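User: I would like to learn how to read some features of a protein model. Please give the general idea each time, then the case at hand.

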Amino acid sequence: MPQLELLERASELAALTAALDDAAQGRGAIALVSGEAGIGKTALVTHFARRVADRVRTLWGACDPLLTPRPLGPLHDIARVSSPRLLAALGGSGGREAIFTAALDELQRGRGATLCVIEDAHWADEATLDLLRFLGRRIANAPALIVVTYRDDEMGATHPLRAALGQLPGSALRRVRPAALSPVAVSRLARDAGQPATGLHEITGGNPFFVTEALAAGDGDVPPTVRDAVLARTARLSLDAQCITELASVVPMRTEGWLIEALLAPPTAALDECVSAGMVRDAEGALRFRHELARRAVEESLAPERRRQLHARCLDTLRRVGAADPARADVARLVHHAEGARDTVALRELAPLAAEQAAAAGAHREAVKHFARALRHTLALLPTERARLLERHAYECYLTDQMPEAIAARQEALRLWQTSGNEERAGETLRWLSRLHWFIGQRADAERYGREAVDVLERVPRGSALAMAYSNVAQLAMLADDVEGALLWGNRAIAIAEPLGDAATLSHALNNVGTAECVYERPGGYERLERALVIAQEHQLHEHIARAYTNLASTTILSRKLEAARRWLDEGIAFSTEHDLDSWVLYMRAWRAHLRFQTGEWDSAVDDACAVADNPRASVVSRIPALAVLARVRRHREHPGWEALLDETRALAIGADELQRREAAACARAEAAWLSGNGERTGDESAWAYPPDMEEVTPWRRAELTLWLWRAGRVAGPLDGVPHVVGLSLAGDWRAAAAEWKNIGSVVDQAHALADADEEDGLRQSLALFERIGSLAGATMVRRKLASMGARGVPRGSRPSTRAHPLGLTTRQQQILGLICDGLSNAEIAARLNVSEKTVDHHVSAVLGKLEVRSRAKAVAKAVALGLR
Amino acid sequence: MPRYMVERTFPTGLSVPGTKDGAESCLRVVEKNAAEGVTWIHSYVTDDRSKTFCIYDGPNPEAIRRVASANGLPVDRIASVRVLDPYFHVAAEG
């Protein structure tokens with residue numbers, strides 16, 4: 001069939017060309033080419049690739065519409081055709097990191113730029129999406145353009161591709177959306193095909209694939225649907241050629257020449273006939289439909305029994321060929337045909353294999369589907385075999401956030417292990433059930449299963465399983481601020497794990513014990529937590545490293561050692577980002593949002609909080625602090641919508657049922673009420689979060705809540721067991737309290753402490769602080785108080801800080817720029833602002849970045865030139 | 001998508017000249033807004049040009065604020081608003 005001219009795609013081609021030119025300069029990007037099926041994404045990209053073929057290296061891979069796609073399918077395509085090195089990595093034992101790194105190397109190889117096309121990403125398996133995330137975060141400095149095509153009309157709000165794209169840095173993305181053809185272009189195509197254009201644009205909506213098929217079917221009448229157009233075309237083929245199209249329609253990828261030969265042995269003329277009727281033959285002699293729409297039209301026209309037979313024959317041939325040459329019979333592909341052939345025996349054997357293969361590649365969603373398929377066909381298996389399959393299924397469900405399914409599978413496995421008398425497996429399963437119930441916010445069940453696991457495992461020889469069961473109970477205690485429980489169970493875990501050399505359990509247990517001790521500021525806790533980090537680092541236990549960073553950060557935030565917390569968070573987020581531990585990144589960013597809220601860096605606090613709140617995969621414990629910060633900043637800035645956020649935060653915190661979550665929600669709600677001048681409500685909002693026996697709560701955990709209760713008149717000083725700075729406020733020494741909050745670095749607490757003053761001096765300082773950080777509500781509250789005291793000459797409030805700076809500098813950055821202009825060194829600025837030099841470094845580079853200069857001298861010159869000084 | 005009214009203060013007066021440059025600077029704002037899914041409907045400007053009341057569609061107040069910062073525009077207040085048309089006012093049913 002003659003190649004149709006590419007009409008009305010000049011701007012799309014120009015956008016791709018510009019992105020490729022940037023890539024050739026070492027500024028790579030991902031171009032997203034999206035649109036409905038048949039809109040011409042592949043045609044556009046093929047045309048583009050041909051146009052630039054002489055100056056770039058092209059790599060081409062496609063995701064496939066198998067019932068469950070092949071893990072890393074596109075990468076296998078690329079490796080098979082263009083890269084022996086990548087092929088070696090895919091077959092090697094280095095795991096995902098080795099494969100992803102090899103893929104990145106592949107993009108950076110050679111002298112010129114590389115164009116890498118990944119087609120039909122709406123079908124991508126999870127490992128391919130992870131690969132895109134991995135490459136997307138590193139593409140900016142690579143001489144490569146990755147073009148990803150996908151159908152956006154079939155993607156719902158929760159489609160995994162949507163989430164993956166949302167996590168790519170926006171600066172690395174270029175979007176190209178080819179539009180439907182205009183009536184003019186459609187009539188031109190009709191004229192070129194020598195046919196009337198009447199009704200063609202109306203019926204096809206300008207969809208290029210539909211237009212082409214309608215013209216090819218061409219007997220004057222426009223077929224009403226794409227399907228009709230395709231079938232009208234194939235109906236005119238010879239019987240031999242029709243057999244080929246039918247076979248190719250059940251093979252949702254390329255249909256290799258040897259497969260056609262083995263099954264049909266058709267005359268060459270029939271193959272050529274298929275090609276002239278619009279199918280495509282590639283360099284290796286494989287046939288495929290020019291478009292998935294066409295394949296599906298033919299497949300759906302087959303009678304069910306005919307379809308089943310074709311699948312069965314494909315399966316049979318592929319297995320025979322695969323026995324001699326395994327590379328030719330991908331197991332995911334075999335499963336697809338086994339399912340199509342409804343071959344239960346084959347599925348029982350093949351589905352678990354496909355599942356393990358997918359899991360090993362990190363395609364966990366696909367692994368879940370294969371395991372579920374295997375479980376459907378293995379009811380008659382030995383109980384222990386089925387239990388093992390259930391455990392694998394449950395683990396993959398857990399990794400993909402499908403907690404109810406994971407719990408159901410563990411519960412069935414538990415019954416099977418109990419019936420078969422395997423106590424060790426039953427105990428491990430109980431420990432898992434405990435963990436899973438904590439994840440879905442059901443603490444009571446988590447505790448019950450946790451204790452049962454210990455009971456069962458104490459009856460069998462001691463080993464890692466028991467140590468981990470102890471550590472799990474310790475973790476639950478730690479999360480609820482129960483230091484004695486954490487110590488008791490954690491130390492039992494350590495006593496078993498240490499002599500066994502079980503680094504993972506040891507790091508886990510040390511982390512639980514150390515964290516609980518830090519919460520209560522007990523000596524040695526911090527050191528234990530750091531040891532948990534070191535052990536995890538020595539053994540490269542990524543999750544445990546991330547968890548140690550997280551708890552080092554959360555405990556230092558709790559005890560208001562804000563500079564230390566900032567350091568742990570920056571390191572932890574950098575580490576977790578580097579290793580794609582996304583859920584840990586989200587959790588730590590939620591904590592960082594909280595930290596930045598306290599220090600008055602609200603723009604960056606909102607960035608962190610939004611990154612968590614907008615991510616559908618963020619867990620409840622990450623969402624709570626993030627939503628609380630968003631609500632508080634909105635309340636302070638008098639932006640709408642804070643009430644709804646506060647309600648959502650409280651609902652989540654009640655479900656999670658841990659004091660640290662309730663505290664985050666309650667403080668946000670109490671502060672909002674206080675800013676509205678509603679003391680009664682402030683008291684109520686603080687009180688609900690408190691356990692009745694609040695004396696037993698660790699001092700820092702009750703610090704902010706105690707202040708709200710005191711401001712609301714619900715408690716009166718002096719109180720035992722509160723931090724020093726809180727005691728100062730309760731004793732009426734707002735001046736000393738404010739000074740201490742200033743030392744701590746918490747501007748918000750400082751402003752509130754000053755607002756407690758009963759004299760003008762303190763209130764005016766509070767007003768200035770609230771205005772500096774952009775708190776309209778805080779400033780209004782303090783003005784009200786000043787007015788009620790009859791103060792005169794209170795400034796109406798120019799709100800300088802809420803005014804966006806022309807270059808987008810934050811208040812802090814403007815301040816630093818001022819000091820740079822005054823000629824201060826970083827050390828001097830650090831001393832002046834009472835922060836670490838590292839923090840100043842960080843701010844200075846941000847300032848230089850926003851001014852788009854490389855040196856301090858240039859920054860000063862630019863600031864003067866722009867009249868900022 | 002929620003609608004917002006954004007109040008801005010320009011102490012030295014807003015200047016959008018009625019020229020090609022003025023039109024272009026408006027379009028630059030529109031383009032930066034698009035990156036965050038924010039749409040600028042229109043604005044009311046006081047006679048002395050020191051205040052504007054701008055009507056926007058956007059996903060949330062944070063997005064409104066981010067594009068304001070990207071465009072170098074001040075933000076005083078953001079209110080979530082709805083249209084009330086006195087001549088087509090329909091009483092809520094029930």
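User: Is A:Asp481 buried or exposed?

Analyst: This is a predicted model. A:Asp481 is buried, because 22 other C-beta atoms lie within 10 Å and the cut-off for buried is 20 or more. A:Asp481 sits in the loop between helix H24 (464-479) and helix H25 (483-500) of chain A.

User: What is the phi of A:Asp481?

Analyst: The general idea comes before the case. Most residues other than glycine have a negative phi. A:Asp481 has a positive phi of about 60°, although it is not a glycine.

User: Which loop holds A:Ala265, and what is its phi?

Analyst: A:Ala265 is in the loop between helix H13 (257-264) and helix H14 (268-276) of chain A. Its phi is near 40°, a positive value in a residue other than glycine. A:Ala265 is exposed, with 8 other C-beta atoms within 10 Å.

User: How do I read a pair of packed helices?

Analyst: Two packed helices are described by the angle between their axes and the distance between the axes. Take helix H30 (residues 582-598) and helix H31 (residues 602-613) of chain A, which pack at an angle of about 155° with their axes 8 Å apart. That angle makes H30(A) roughly antiparallel to H31(A), because angles over 145 degrees count as such. The crossing of H30(A) and H31(A) is left-handed.

User: Which residues make the contact between H30(A) and H31(A)?

Analyst: On H30(A) they are A:Leu586, A:Arg589, A:Ala590, A:Arg592, A:Ala593, A:Arg596 and A:Phe597. On H31(A) they are A:Trp602, A:Ser604, A:Ala605, A:Asp608, A:Ala609, A:Ala611 and A:Val612. By class, the contact of H30(A) with H31(A) has nine nonpolar, one polar and four charged residues.

User: At what angle do H29(A) and H30(A) cross?

Analyst: The axes of helix H29 (residues 562-578) of chain A and H30(A) cross at roughly 155° and come within 10 Å. H29(A) is therefore roughly antiparallel to H30(A). This crossing, of H29(A) and H30(A), is left-handed. H29(A) contributes A:Leu562, A:Ala565, A:Arg566, A:Leu569, A:Gly572, A:Ile573, A:Ser576 and A:Thr577 to the contact. H30(A) contributes A:Trp584, A:Val585, A:Met588, A:Arg589, A:Trp591, A:Arg592, A:Leu595 and A:Gln598. The residues of the contact of H29(A) with H30(A) divide into nine nonpolar, four polar and three charged.

User: How do I read which side of a helix is buried?

Analyst: An α-helix has 3.6 residues a turn, so residues three or four places apart point the same way. In helix H11 (residues 226-234) of chain A, the buried residues are A:Val226, A:Ala229, A:Val230, A:Arg233 and A:Thr234. They cover an arc of only 130° around the axis, so they lie on the same side of H11(A).

User: What covers the buried residues of H11(A)?

Analyst: The cover includes helix H10 (208-217), helix H12 (239-249) and helix H15 (292-301) of chain A. H12(A) has buried residues of its own: A:Ala241, A:Ile244, A:Thr245, A:Leu247, A:Ala248 and A:Ser249. The buried residues of H12(A) pack against H11, H13, H14, strand E7 (287-288), H15 and helix H16 (304-324) of chain A.

User: Where is A:Arg623, and which residues does it touch?

Analyst: A:Arg623 is found in helix H32 (residues 620-637) of chain A. A:Arg623 is buried, with 23 other C-beta atoms within 10 Å. Leaving out residues up to four places away in sequence, A:Arg623 touches A:Val612, A:Ala613, A:Ala618 and A:Leu652. One of these, A:Val612, also takes part in the contact of H31(A) with H30(A). The C-alpha atoms of A:Arg623 and A:Thr649 are separated by 7.8 Å, and the two residues are 26 apart along the chain.

User: How many helices and strands does each chain have?

Analyst: Chain A has 45 helices and seven strands. Chain B has two helices and four strands, in the order β-α-β-β-α-β along the sequence.

User: What share of each chain counts as buried?

Analyst: In chain A, 51% of the 869 residues count as buried. In chain B, 21% of the 94 residues do. For contacts in chain A between residues at least 6 apart in sequence, 59% join residues at least 24 apart. In chain B, residues 24 or more positions apart account for 67% of the contacts with a separation of 6 or more.

Technical notes:
Residues numbered from 1 in each chain as written. Chains lettered and ligands numbered in written order. Predicted model: local features only at pLDDT ≥ 70, side-chain atom pairs only at ≥ 80, totals over all residues. Axes fitted to C-alpha atoms, helices over the stretch in contact; angles between N-to-C directions. Parallel < 35°, antiparallel > 145°, perpendicular 65-115°, else oblique. Left-handed = near helix turned anticlockwise from the far one by under 90°. Contact = placed C-beta atoms within 7 Å. Nonpolar A, V, L, I, M, F, W, Y, C, P; charged D, E, K, R; others polar. Buried ≥ 20, exposed ≤ 12 C-beta atoms within 10 Å, placed from the backbone. Arc of directions from axis to C-beta.
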